[in-house]
Amino acid sequence: ITVVWVVLASTCLTLAAVHAHVWLRDRQATGNAAFAVLAVSVAAMGYVETRMLLAPTTAEFGRWLWLYQFPVSTALVAAVCFVLYYLRAGRAWLGWSAIALRTVALVVNVFSSPSIQFREITSLATVPVFGAPVAVAQGVPNPLMAIAHLSLVCLLLFVADAMRDLWRRRERRQAVTIGGSIVLFVAAGTAIAVLSFWGIARVPVIATIMFVPIIVAMSFELSYDLIRAARLSADLAAKSAELAASEQRLALAADAASAGLWSIDGATERLWATPRALAMFGLAPGGEHRFDDVLARVHPDDRERVRGFVAAERSARDRHASIEYRVPGAGGQTRWYASLGRVPEEGAQSRGPLMGATIDITERKQVEDETARQRAELEHLSRVATLSELSGALAHELNQPLAIIMSNAEAAQSLLDRPAPDLPEVRAILADIVDADERAGQVIRRLRSLLKRGEPNRQPLALN
């Protein structure tokens, strides 16, 4: 008997230590904590049972039977908590009813002598177990013992209800291994207790043997979770290493392109950015930043465009966009930046994060401005160079109205020298002179506009 108890107790305590360690590392693992308490309780039950089975007197048997109720009670509470918090099944009120009845039985046991099972132990009988004689108590049963047995019935109903929930949730392995083992072996232990303590049959108190299969079934389920957690941890470590390598490659690519990477949370507008991106906007690399911190660094004339760019990127209608804007520098120099943003597919409808990159395009803008200035200068020089080619046409355009003015003036003088001048004819001649003068003025004005320095004023013109 002692050897059997040592083996069972060692198994229970070893499993209890393993899962207690798991709970100490993760205080959310309430299932592991409940299992550890249950395993320790079963080991204590086995020790007390061994002392009862080897008790030489009724008094000693009564003392150990009185102590036996404490590990039995903690085992019942641990089993209920395991089902409630690990399996998340069964009607809670049934489980708490079992605990309440067991608590009442424990209080009654404290004030009973020798225990809640007997009013008096009259004698000890012996029966063989594993080839050795063990003690079985005989005496006057205590009717209040029904409270303890009723708590076990509530436990059986609670676990049976939990099995039904697990089966409906298609968690059938847990329903069979844990729920089935609890129902089967608790029912067997209850039957042995009824037969022994009510004097129906000479059966020794060996409930530990009934609880050990329950411990094994629970340990198997918890170990299955531990193995799965270890695999997930290994997969996560591999994914993390792969992600870290990817981030390093991306960072190298971004540095090579002089780009800063960033991401804005759609709900809180919290900003994540690489040190290069933060430096572009004069933000410290440490601490928490938001989109408004970046917006405050943007040129006032460009802030609304940047705000609209970020808002548009969070809609499903515009998933990709780019924008160019100015950021005043610390030394008074204005920098030009270009940002490209993108919303992930899964975040388009749920204000997901806006991810993007920003590059400094100040040198490109300076080159573009210089190119535009040189182009305007070249156009001016080109117009001046064509002056020699236009001189002939200009002389022709001006000689015609000047010749008309000269001939009309001479004709008017001749008419005025007559004794009776033809005044209507003179008026017609003067009108021709005015038209010719206006024509010459238009030629000169168009020429001055052509040769004027500045931006060209391009307008559509119908060739017809």
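**Ring contacts and salt bridges**

Lys365 lies over the face of Trp336, 4.5 Å from the ring centre. I start there, but please keep in mind that this is a predicted model.

Next, rings against rings. The whole structure holds 6 aromatic pairs. One of them is Phe281 with Tyr337, an edge-to-face pair with 5.6 Å between centres and 70 degrees between planes. Phe281 is in the loop between helix H8 and strand S5, and Tyr337 is in strand S7, so this pair ties together parts 56 residues apart in sequence. Both Phe281 and Tyr337 are buried. Ring pairs also bring in Tyr325, giving a cluster of Phe281, Tyr325 and Tyr337.

Now the salt bridges. A search of the whole structure turns up 15. Arg164 pairs with Asp161, with 2.9 Å between the closest N and O atoms. Both are in helix H5, 3 residues apart, about one turn of the helix. Asp161 is buried, at 9% relative accessible area, whereas Arg164 is partly exposed at 35%.

Arg458 and Glu379 form another salt bridge, their closest N and O atoms 2.8 Å apart. This one links distant parts of the chain: Arg458 is in the segment after helix H13, Glu379 is in helix H11, and 79 residues separate them. Arg458 is exposed at 62%, and Glu379 is partly exposed at 21%.

Last, Arg445 and Glu438 meet at 3.3 Å, N to O, in a salt bridge. Elsewhere, salt bridges with shared partners join Glu324, Arg364, Lys365 and Glu368 into one network.

Note on methods. Residues are numbered from 1 along each chain as its sequence is written. This is a predicted model: local features need pLDDT of at least 70, side-chain atom pairs count only at pLDDT 80 or more; totals for chains, interfaces and linings use all residues. Side-chain values use heavy atoms; hydrogens and water are left out. Rings of Phe, Tyr and Trp (its six-membered ring) pair if their centres lie within 6.5 Å; planes under 30 degrees apart count as stacked, over 60 as edge-to-face and the rest as tilted. Helices (H or I, at least four residues) and strands (E, at least two) are DSSP runs, numbered from the N terminus. Buried means under 20% relative accessible area, exposed over 50%, partly exposed in between (1.4 Å probe, protein chains only). A charge sits over a ring if NZ of Lys or CZ of Arg is within 6 Å of the ring centre and within 35 degrees of the ring normal. A salt bridge is a side-chain nitrogen of Lys or Arg within 4 Å of a carboxyl oxygen of Asp or Glu.
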